[in-house]
Amino acid sequence: MPTIIEVAALAGVSTATVSRVLSRPEQVSEDTRLRVLAVVRRSGYAPNVAARSLRTLRAAKILLTVPDISNAFFASVIRGAEEAARDAGYSVVVGDTRHDPEVEDQYADMLSRREVDGLIFLGHRLPASLAPMLSRKGAAAPIVNGCEYSPDLGVPSVHIDNAAASANAIEHLIGLGHRAIGVVTGPEISPISRDRLAGAIDAATRAGLRDSLHIRIGDYSAGSAIDHTRDLIAQDVTAIFCFSDEMAMGALSAIGDAGLSCPKDVSVIGFDDLPLARYFQPPLTTIAQPKSMIGRRTVELLVDILRGVDSPSRQVTLDHELIVRGSTAAPGTRRR
């Protein structure tokens, strides 16, 4: 393993410059940074993280917590976060909180104990144990939220405009001619579920179809959508909008079990654009979130805080996209 002195000699810079490139790259010119990084890659140099942590009081680790690691949506978010963290000289510790406030606090204690340098949480709750830190440090607190935006959290956030995205989904169905539309939401406690429902209601109201929405409360899982879909079919809906692709998968299953077909009898639209969405039968129409970019931007916001860099925006709203595939079509005549 080469030493930092050898890396500096090969790159024609000082050891201090090598150290800055690896820990504070924004303080080094692009040409120098690229030259040093090229030598690092060729030589296989790896800094002594434990020694550096003792000198700088930095763990060089970021904690990222997710409410349900089994949810495929979070895999792409985590990947984007890990890529951005690696670029900035950090590693990522992932914690599955399982929607449990006690577990959220247990992970958050890692930040209080300085086992990690910052926290990104993808749930809707700020861990209660971090409230004193946020109150004391304010904008300097190394805490960022992803996905579940709520202004009440008081921390930087990266998200999409969930209300606008949901409105786009309802507008698409109305544009196809659907009038009786089922909506399977996420939990009422979830800010993004509330925003998506508000967007759906707004779009239906503008079209004079507010009373034609049949709203059911789900939990983002496929199982929660199956019973609701059976009920909605009995209500003669011709389309169902699910607030997650996983619930849309449950809706498709229930439609098939009822001897109906999608989209001939019932159209289905999901949310998230999971990697498997295009391979559903039929391929799923859905709202695409920039999942990897959400992860990347949350890390970039957090690293700015850790480095004392003023961010132009503490609330980042990314673009969404309606992806039209084979699961939505004009309403047909349902078989009985």
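**Notes on the predicted model**

1. Let's start with the strand pair β1 and β2. Strand β1 (residues 61-66) runs parallel to β2, and 6 bridges join the two. One of the residue pairs here is Val66, which stands opposite Asp96 in β2. Helix α5 (residues 73-87) lies across both β1 and β2, at about 170° to β1. Please keep in mind throughout that this is a predicted model.

2. An open sheet of 6 strands has the order β2-β1-β3-β4-β5-β11, with parallel pairing. Its edge strands are β2 (91-96) and β11, each of which pairs on one side only. From one strand to the next, the twist averages 20°.

3. Within that sheet, β5 (residues 157-160) is worth a look. To one side, strand β4 (residues 143-146) pairs with β5 in the parallel sense over 2 bridges, and Asn145 has Ser157 as its bridge partner in β5. β5 also runs parallel to β11, with 4 bridges joining them; here His159 stands opposite Thr317 of β11. Both faces of β5 are covered: Ser157 and His159 are buried on one side, and Val158 and Ile160 are buried on the other.

4. Next comes a residue that you can find from the end of β11. Asp319 sits in the loop between β11 (315-318) and β12. Is Asp319 buried or exposed? Asp319 counts as exposed because its relative accessible area is 68%, and the cut-off for exposed is over 50%. Leaving out residues up to four places away in sequence, Asp319 touches Ile160 and Pro290. Asp319 also lies 7.6 Å from Asp161, C-alpha to C-alpha, although 158 residues separate the two in sequence.

5. Strand β10 (residues 285-288) has pairing of both senses. With strand β9 (residues 267-272), β10 pairs in the parallel sense over 4 bridges, and the bridge partner of Gly270 in β10 is Thr286. With strand β12 (residues 321-323), β10 pairs in the antiparallel sense over 3 bridges, and there Ile287 has Leu322 as its bridge partner.

6. Thr285 in strand β10 deserves a point of its own. Thr285 counts as buried because its relative accessibility is 0%. What does the side chain of Thr285 reach at 2.8 Å? The answer is the backbone nitrogen of Arg325. The Thr285 side chain also makes a polar contact with the side chain of Thr328, at 2.9 Å. Beyond its neighbours within four places in sequence, Thr285 is in contact with a number of residues, including His172, Val268, Gly270, Leu322 and Ser327.

7. Finally, helix α10 (residues 222-234). At 1.5 Å a residue, its 13 residues should span 18 Å, and the end C-alpha atoms are 19 Å apart, so the two values agree. Which residues of α10 are buried? They are Ala222, Ser224, Ala225, His228, Thr229, Leu232 and Ile233. A helix has 3.6 residues a turn, so residues three or four places apart point the same way. The buried residues of α10 pack against β6 (181-185), β7 (213-217), β8 (239-242) and α11 (245-257). After α10 comes Asp236, with a positive phi near 65°.

Technical notes. Residues numbered from 1 in each chain as written. Predicted model: local features only at pLDDT ≥ 70, side-chain atom pairs only at ≥ 80, totals over all residues. Heavy atoms only, no water. Pairing = 2+ DSSP bridges. Buried < 20%, exposed > 50% of the residue type's maximum accessible area, 1.4 Å probe, protein only. Polar contact = N/O pair within 3.5 Å; in protein donor to acceptor, adjacent residues only side chain to side chain. Contact = heavy atoms within 4.5 Å. Expected span 1.5 Å × (residues − 1). Axes fitted to C-alpha atoms, helices over the stretch in contact; angles between N-to-C directions.
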